[in-house]
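Subject: Structure for you to look over

Hello,

Here is the structure I said I would pass on. My notes on it follow below.

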Amino acid sequence: MASFKTKIPEYKKLIDDCLEDSLPNHDQSPQKLSQAMLYSVMNGGKRIRPLMMLASAKTLDINIDDVLPFATSIELLHSFSLIHDDLPCMDDDSLRRGLPTTHIKFGEATATLAADALQSLAFQNMALAKFPESKISHLRLISMIAESIGSSGMAGGQSLDLDSENKKLNAKSVENIYMLKTGRLLRASILTPTYFKKLSEEKLKALNNFSEAIGIAFQIQDDLIEAEGDFETIGKSVESDKSKNKAAYPILFGINQSKKRVEELYQKASDSLSIFKGSSSSLEEMAKIIINRKL
Ligand code: IPE
Ligand code: IPE
Ligand code: MG
Ligand code: MG
């Protein structure tokens, strides 16, 4: 069987096509808003969250087509979170994916509205998605995804992240912020396929443990890339965390300690998949991609 990795270009094309289909056209009124939405989504994101969802679907033997509307919606939610994250009142960044951030290109008001509209579109798509299981499972799934970006998830983590500037947090507190601001949406991606099938408590717990470890590892790796990378490769500021004295892992605990922690978390994530006995190679491949990525 072909590895998941070799199919990534094909899956990314599938995801990009679905994203394009669900977004308004360039000339749809109000044009400025439509263009800001398209600009923020269709600009070379790595699509890690939808790919994680497909990898999880493969592991659980769930039809990819069934989860695609949710994979697309989670990418819309991720794009909305990045627009907000870059605003002057948050990280105040002017470059992302090698391009001016949405508020630099379209102004703060349009950027804010584009983020609102992307969030709304994501929930509309999820509500309208065909769902092969019961209505109650469908509603529970949408509720789980809503919770992952709310005050006990991504928004909560972003709030703690902003409060942490200029503070010397301990590793546990930093990892808690990472788990919320980044880990929760990744976890939602990985857990979505579990709503399509009855699974044992042990398997649910295993996927949950995998998600928590890989979510934190993803964000530490993101900080490492920023600390060690160059703008040409990563397409965003390499000074963002440093200049704001963020509670970023490499700034607080050093590069070596950060790399060691990524490796430990990867081991933990990988070990938690043992219950799937070889059927989880897609998730394992994605975990490797996440901890080895340089972009
Ligand atoms: C960047 O996420 C922001 C974080 C949550 C760390 P990605 O690295 O997935 O960003 P894109 O979508 O590929 O640009
Ligand atoms: C982004 O974290 C987290 C969310 C958008 C939820 P960062 O602020 O560390 O990510 P980058 O470096 O701007 O992509
Ligand atoms: Mg941030
Ligand atoms: Mg940022």
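I start with ligand 2, which is surrounded by 13 residues, the closest being Ser81, Asp85, Asp91, Met154 and Lys181. Helix 4 (64-86), helix 8, helix 9 and helix 10 are the elements that each give two or more residues to this shell. The most come from helix 4, which supplies 3 residues. By class, the shell around ligand 2 has 2 nonpolar, 4 polar and 7 charged residues. Please keep in mind throughout that this is a predicted model.

Ligand 1 has Gly45, Lys46, Ile48, Arg97, Thr182, Gln219 and Asp222 around it. Its shell divides into 1 nonpolar, 3 polar and 3 charged residues. One of these residues, Arg97, has a phi near 50°, a positive value in a residue other than glycine. Arg97 is in the loop between strand 1 (95-96) and strand 2 (99-100). It counts as partly exposed because it has 15 C-beta neighbours inside 10 Å.

Arginine 47 sits in the loop between helix 2 and helix 3 (48-60). With 23 C-beta neighbours inside 10 Å, arginine 47 counts as buried. The other detail is a cis peptide bond from serine 29 to proline 30, with omega near -10°. Proline 30 belongs to the loop between helix 1 (4-22) and helix 2 (31-41).

Next, the helix packing. Helix 8 (residues 154-163) packs against helix 9 (residues 171-191) at an angle of about 150°, and their axes are 7 Å apart. The crossing of this pair is left-handed. On the helix 8 side the contact involves Met154, Gly156, Gly157, Gln158, Leu160 and Asp161, and on the helix 9 side Ile177, Leu180, Lys181, Arg184 and Leu185. These residues divide into 5 nonpolar, 3 polar and 3 charged.

Arg49, Pro50, Met52, Met53 and Ser56 of helix 3 meet Leu185, Leu186, Ser189 and Ile190 of helix 9. The contact consists of 6 nonpolar, 2 polar and 1 charged residues.

Which residues touch the most other members of the largest nonpolar core? They are Met53, Leu118, Ile214 and Ala217, in a core of 73 residues. In soluble globular proteins, nonpolar side chains tend to be buried together. Beyond its neighbours within four places in sequence, isoleucine 214 is in contact with Leu186, Ala269, Ala287 and Ile290.

Last, lysine 205, which is placed in helix 10 (residues 201-228). Is lysine 205 buried or partly exposed? It counts as partly exposed, because it has 13 C-beta neighbours inside 10 Å, and 20 or more would be needed for a buried residue. Lysine 205 and alanine 269 are 64 residues apart along the chain, and their C-alpha atoms are separated by 12 Å. Alanine 269 is one of the contacts of isoleucine 214 listed above.

Regards

Definitions and conventions
Residues numbered from 1 in each chain as written. Chains lettered and ligands numbered in written order. Predicted model: local features only at pLDDT ≥ 70, side-chain atom pairs only at ≥ 80, totals over all residues. Near = placed C-beta within 6 Å. Nonpolar A, V, L, I, M, F, W, Y, C, P; charged D, E, K, R; others polar. Core = buried A, V, L, I, M, F, W, Y, C linked by C-beta atoms within 7 Å. Buried ≥ 20, exposed ≤ 12 C-beta atoms within 10 Å, placed from the backbone. Contact = placed C-beta atoms within 7 Å. Helix = DSSP H or I, 4+ residues; strand = E, 2+ residues; numbered from the N terminus. Axes fitted to C-alpha atoms, helices over the stretch in contact; angles between N-to-C directions. Left-handed = near helix turned anticlockwise from the far one by under 90°.
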